[in-house]
Amino acid sequence: MEDAILRVKLAALKSEHRDLDGAIDALLEAPAKDQLQLARLKKRKLRLKDEIAEIEDRLLPDIIA
């Protein structure tokens, strides 16, 4: 049961991560770049990346053979 919940959360985090890519690209292309907003989005994207990695590690633990 817990795996199913983690997979749903993982999918949501990956979706948000992709959405942030689009938002960051849009800000970079804007004539008046909001550097503060850009920095916040990049920080959020990094936090999401860490959360995604943590969940993936919990779902697929390293097996020492």
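Of the 65 residues of the chain, 20% count as buried, in a model that is predicted rather than experimental. The chain holds two helices and zero strands. Its radius of gyration is 15 Å, well over the 11 Å that the globule rule gives for 65 residues, so the chain is more spread out than a compact globule.

**Overall dimensions and surface**

- The C-alpha trace of the chain spans about 50 × 25 × 15 Å along its principal axes.

**Contacts along the sequence**

- Taking contacts in the chain between residues at least 6 apart in sequence, 68% join residues at least 24 apart.
- The secondary structure behind this chain consists of two helices, with zero strands.

**Helix α2**

- Helix α2 covers residues 35-59, a total of 25 residues.
- From the first C-alpha of α2 to its last, the helix reaches 36 Å, close to the 36 Å expected at 1.5 Å a residue.

**Packing between the helices**

- The buried residues of α2 are L38, L41, L48, I52, I55 and L59.
- These buried residues of α2 pack against α1, which comprises residues 2-29.

Notes:
Residues numbered from 1 in each chain as written. Predicted model: local features only at pLDDT ≥ 70, side-chain atom pairs only at ≥ 80, totals over all residues. Heavy atoms only, no water. Helix = DSSP H or I, 4+ residues; strand = E, 2+ residues; numbered from the N terminus. Expected span 1.5 Å × (residues − 1). Buried < 20%, exposed > 50% of the residue type's maximum accessible area, 1.4 Å probe, protein only. Contact = heavy atoms within 4.5 Å. Rg over C-alpha atoms; globule rule 2.2 N^0.38 Å.
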